[in-house]
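Dear colleague,

Please find below the structure that I was asked to pass on to you. I would be grateful if you would look at it alongside the notes that come after it.

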Amino acid sequence: MIRVIELSSAPDPGLVALPGVIVAHGPPFDEYWLQSATFTLSEQSCADRRVITVDSVSEALAELTRRCTQWPQASTVCDDVLRCLDPHGATSTGVVTESLAYSTLQGGPEFARWLAARGPATMPHAADPVQVQRDNDTLRIRFNRPERHNAFCTETRAALLEALTVAQLDPSITAMVLSGNGPSFCSGGDLAEFGTFADPGSAHLARTRHSPALVLDELTARLGHASRAKVHGRVLGSGLEMAAFCGWIEAEHDSVFGLPELGLGLIPGAGGTVSVTRRIGRWRTAYLVLSGQTIDAHTALAWGLVNAVGSAQ
């Protein structure tokens with residue numbers, strides 16, 4: 001369900017009592033609705049992180065309505081999770097909350113519909129999904145499935161966790177750089193692997209007990225800006241979610257950022273409701289998920305999603 005609030009009509013604030021996606025549009029901007037809405041659309045440029053500037057409000061609303069109607073459960077759950085999140089709270093709490101919601105959707109009809117439309121898929125073996133190199137006190141970690149734009153899979157997660165654990169346990173490592181080989185940093189979860197877990201409960205335990213997000217967050221707490229991601233090409237889904245946990249993100253000019261999980265009947269599941277929200281706020285995070293739109297490197301810089309735009313090689 002999506003409700004549209006036209007700010008110029010001064011709607012009744014009591015409308016926000018019911019949960020669900022609320023998209024406001026203006027100007028004029030009303031502080032109550034800027035804060036309470038899922039996000040606000042405007043055709044006028046606005047630096048407020050609660051406002052999304054679009055070329056056409058009417059076209060954006062039509063597309064958002066179509067998507068929220070097609071995936072009503074995932075849209076509403078996304079809104080619920082982002083509203084519940086305390087961006088200053090414990091990362092583990094946010095990751096567990098996100099994962100429980102994700103698992104709920106994995107057991108729902110919208111994800112089942114996507115799986116049926118995709119049909120059977122064969123998961124290729126990832127022989128060397130992550131490359132690790134120590135350079136003095138710097139640990140360099142590179143995703144290494146270039147032929148699949150470094151799509152994230154179970155083997156990648158295991159290798160990444162092993163590499164991150166080295167940095168976590170070795171105090172002589174004072175810097176970490178996460179990057180990717182080939183045309184992209186990471187295009188998100190490998191779609192061929194989706195639906196292979198026996199049940200949503202097992203998937204939840206795997207996500208939360210073997211979470212690169214939590215280790216990246218711990219490393220960033222220790223290393224600060226020396227915990228870096230250098231990104232280029234596709235920076236989508238779990239790729240963006242993990243990079244956002246780093247203390248500093250440098251993007252190549254060709255970088256494209258997005259959270260496409262709604263199209264699968266899901267929400268971000270690699271910690272993105274925590275990491276991305278901390279960088280750009282719940283409103284712009286909700287927009288990326290619900291709209292399915294991608295943004296370029298310079299928009300990401302203006303939003304605070306990345307720290308610098310330059311060479312990522």
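This is a predicted model: local features need pLDDT of at least 70, side-chain atom pairs count only at pLDDT 80 or more; totals for chains, interfaces and linings use all residues.

Residues are numbered from 1 along each chain as its sequence is written, and side-chain values use heavy atoms, with hydrogens and water left out.

Helix 6 (residues 154-169) packs with helix 8 (residues 212-223) at an angle of about 25 degrees, and their axes lie 10 Å apart. Helix 6 is therefore roughly parallel to helix 8 (angles under 35 degrees count as such). Axes are lines fitted to C-alpha atoms, for helices over the stretch in contact, and angles run from 0 to 180 degrees between N-to-C directions. Helices (H or I, at least four residues) and strands (E, at least two) are DSSP runs, numbered from the N terminus.

The open sheet has 6 strands in the order 5-6-7-8-10-13, with mixed pairing (two strands pair if DSSP finds at least two bridges between them). Strand 5 (130-135) and strand 13 (308-309) stand at the edges with a single partner strand each, so one side of each has no neighbour in the sheet. Strand 13 runs parallel to strand 10 (residues 248-251), joined by 2 bridges, and V309 in strand 13 stands opposite A251.

Terms used:
Angles under 35 degrees count as roughly parallel, over 145 as roughly antiparallel, 65 to 115 as roughly perpendicular and the rest as oblique.
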